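Open the model in your viewer and keep the selection tool at hand.

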Amino acid sequence: PPPGAKLVGLPGPLYTWMGMNTQNPKLKDIRIRKAIQRAVDVKSVLQGAYSGISPQAHGVIPVGVLGHRDSSKFSYNVDEAKGLLKEAGVSNLSLEIKALSGEVEQVTAAQIIQANLVDAGIDAKVTVVDSGPYWNLGLESKGDAWKTLEMWIMRFRASPDPSDAIQWFKKDQVGVWNWERWTDPEFEDLWNKGLVERDNAKRAAGYVRMQEIMEDTGAY
């Protein structure tokens, strides 16, 4: 940098996750989805795909935005993952993770997750998809790809209001951008209340709870 310059690092309004189609026959059982959650070593993904720079997410609302969630209710635990799969009566599970072509960090993340899942006894295939077909994967208006969609790496951008980050996971987004294809009455109620609540503390608590509901689906 030139003399006198100062480099400042600020959190960006982006969030990245691996999603799971809750309506896919292989992933309908929540125990299977929760097993996958616990089988993924997020720290290794952040280190290998993002050079250890990106912070670990615990929800879709980014750092610095009202309603940001700073912890999760589960952690990386291969033994727990194996136990959940056994409880679900599942063995020899084979899945596909789709990633966007040209997004090196997302493809790398998928490959690291692929290796993680092997440790839990899950065989995962990574499929890299070109931009056009990729963005149509979960859209019912674009064909039937959503019916066979299993898992994918996704990144969205958000504005400084929490409603912007979380709006894509509502009931009316199933078949549009809610590729995980779940609905929840409490989530919908909190969404409506969040749009009119003027107390920032109450509003933040509502959005934190919405992210807990998302986590509890096992789909992220």
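Which residues in α8 meet α9, and which residues in α9 do they meet? Bear in mind that this is a predicted model.

**Stop one: the α8 and α9 pair.** Select residues 185-194 for helix α8 and residues 200-216 for helix α9. On the α8 side, pick E186, F187, L190, W191 and G194. On the α9 side, pick R203, G206, Y207, R209, M210, I213 and M214. Those are the residues that meet. By class, the contact of α8 with α9 has 7 nonpolar, 2 polar and 3 charged residues.

Now show the axes. They come within 10 Å and cross at roughly 155 degrees. Angles over 145 degrees count as roughly antiparallel, and α8 and α9 are therefore roughly antiparallel to each other. Their crossing is left-handed.

**Stop two: the buried side of α8.** Color F187, E188, L190, W191 and G194, which are buried in α8. Look down the axis of α8: the buried residues fall within an arc of 165 degrees, so they line one face of the helix.

**Stop three: helix α1.** Select residues 30-39. Here 7 of the 10 residues are buried, so α1 is largely enclosed by the rest of the structure. Highlight I32, R33, A35, I36, Q37, R38 and A39, the buried residues of α1.

Notes:
Residues are numbered from 1 along each chain as its sequence is written. This is a predicted model: local features need pLDDT of at least 70, side-chain atom pairs count only at pLDDT 80 or more; totals for chains, interfaces and linings use all residues. Side-chain values use heavy atoms; hydrogens and water are left out. Axes are lines fitted to C-alpha atoms, for helices over the stretch in contact, and angles run from 0 to 180 degrees between N-to-C directions. Helices (H or I, at least four residues) and strands (E, at least two) are DSSP runs, numbered from the N terminus. Angles under 35 degrees count as roughly parallel, over 145 as roughly antiparallel, 65 to 115 as roughly perpendicular and the rest as oblique. A crossing is left-handed if the near helix is turned anticlockwise from the far one by less than a right angle, and right-handed if clockwise. Contact means heavy atoms within 4.5 Å. Ala, Val, Leu, Ile, Met, Phe, Trp, Tyr, Cys and Pro count as nonpolar, Asp, Glu, Lys and Arg as charged, and the others, Gly among them, as polar. Buried means under 20% relative accessible area, exposed over 50%, partly exposed in between (1.4 Å probe, protein chains only). The arc is that of the directions from the helix axis to the C-beta atoms.
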